[in-house]
Amino acid sequence: MREIRIGDVTITSIVERDGPWRKPQDMFPDYDAEVAARHLAAMDPEVFDPASGRMVITYQTFVVRTPHHTILVDTCTGEDKGFPAPMDFDKTPWLDGFKAAGLRFEDVDYVFCTHLHIDHCGWNTVLRDGRWVPTFPKAKYVFARKEYEAWEAAEKAGDPRGNVFRMNCRPIVEAGQALLVDDDYTLDDLVSLTPTPGHSPHHCCVNIFSRGQRAVVTGDMMHHALQCREPDWSTVFCTDPRQAAKSRRSFLESVADTDTIILPIHFPSPTAGRIEADGARFHYRFRR
Ligand SMILES: [Zn+2]
């Protein structure tokens, strides 16, 4: 993605991995082959690989630079987590991208996580002398309190995803670097949260406002442009698929045919785009 400018704020991307990934029939329980084929045929070539029948899915972190702060939104899968294939991505691209963005770990003021899944909070921590410690020593990490508490409870109940909480989330709180906030939290006049629950218990989008312009990091509120054509298609990874669909539709309605720039974590380059209304459906239009 090329650099985006929103008033006084710039936004760039650090990519951890990209390329063909999942087949839509494995991702969406409501998948319909005929419907999907019709939509995909009319979409930009970046979003689907016909040869493999796989959706093109990127894993990335957004770097938001405001006049006051350097902020990371979502931190991919990270390093040394011991995740089995295919989630054991090579660590070099993210570290190279971080460096290419002109950043050192100590430069980061805030880390926002749209939600606390494996691929959105990985670089929150690094392994040092056998312990998970915050990667960004001076940063405050903003987690929606109820999202944090939901994963804390899941970990206690023996949910296999508890390892993500133990490695990436709890050590931040223990280090005193977490801000556990309401899911409509406002950092300042530039950055705030909008609750979009469903994909995870308390998933939030991150708004960036400056000089009358708005961009929104939409996290996993949608994973693929197909979900703009079929907003009711939630994924196999959603905690509450119905609520996810409701959040998605109402968000898409709220930004359709406006100048709001959408930044979905998993959309391939050029990533950023606008939403266009089309009756009860929507189009995703890349910003080129
Ligand atoms: Zn994700």
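Two strands pair if DSSP finds at least two bridges between them. Strands (E, at least two residues) and helices (H or I, at least four) are DSSP runs, numbered from the N terminus. This is a predicted model, in which local features need pLDDT of at least 70 and side-chain atom pairs count only at pLDDT 80 or more, while totals for chains, interfaces and linings use all residues. Residues are numbered from 1 along each chain as its sequence is written, and side-chain values use heavy atoms, with hydrogens and water left out.

Start with a strand pair. E8 and strand E9 (residues 131-134) run antiparallel, joined by 4 bridges. Across this pair, Val126 stands opposite Val133 in E9. The two strands form a hairpin with 2 residues between them. In the turn, Asp129 has a positive phi of about 50°.

E16 and E17 pair in the antiparallel sense over 6 bridges. Gly273 stands opposite Phe286 in E17. This hairpin also has 2 residues between its strands, and Gly279 takes a positive phi near 65°. In a regular strand the side chains alternate between the two faces of the sheet.

Now turn to the metal. Which residues coordinate the zinc ion? They are Asp119 (OD), His120 (NE2), Asp220 (OD) and His266 (NE2), at 2.1 to 2.2 Å. Donors are N, O and S atoms within 2.8 Å of the metal (3.2 Å for Na, K and Ca); water is not among the atoms, so sites may look incomplete. Along the chain, the donors of the zinc ion follow the spacing D-H-x99-D-x45-H.

The angles among the 4 donor atoms run from 87 to 159°, and the site is irregular. Four donors count as tetrahedral if all angles lie between 85 and 135 degrees; four count as square planar and six as octahedral if opposite donors are over 155 degrees apart and all others between 65 and 115; anything else is irregular.

Are these histidines buried or exposed? His120 is buried, at 0% relative accessible area. His266 is buried too, at 2%. Buried means under 20% relative accessible area, exposed over 50%, and partly exposed in between (1.4 Å probe, protein chains only).

Next come the charged pairs. Side chains of opposite charge can pair when their charged atoms come close. A salt bridge is a side-chain nitrogen of Lys or Arg within 4 Å of a carboxyl oxygen of Asp or Glu. By this rule there are 14 salt bridges.

One of them joins Arg211 to Asp8, with the closest N and O atoms 2.7 Å apart. Arg211 lies in the loop between strand E13 (204-210) and strand E14 (213-219), and Asp8 in the loop between strand E1 (4-6) and strand E2 (9-17), so the pair ties together parts 203 residues apart in sequence. Arg211 is exposed at 67%. Asp8 is partly exposed at 34%.

Another salt bridge joins Glu46 and Arg288 (2.7 Å, N to O). Glu46 lies in the loop between H2 and strand E3 (48-49), and Arg288 in the segment after strand E17 (281-286), so this pair ties together parts 242 residues apart in sequence.

Arg38 and Glu34 also meet in a salt bridge (3.5 Å, N to O). They are 4 residues apart in helix H2 (residues 33-41), so about one helical turn separates them.
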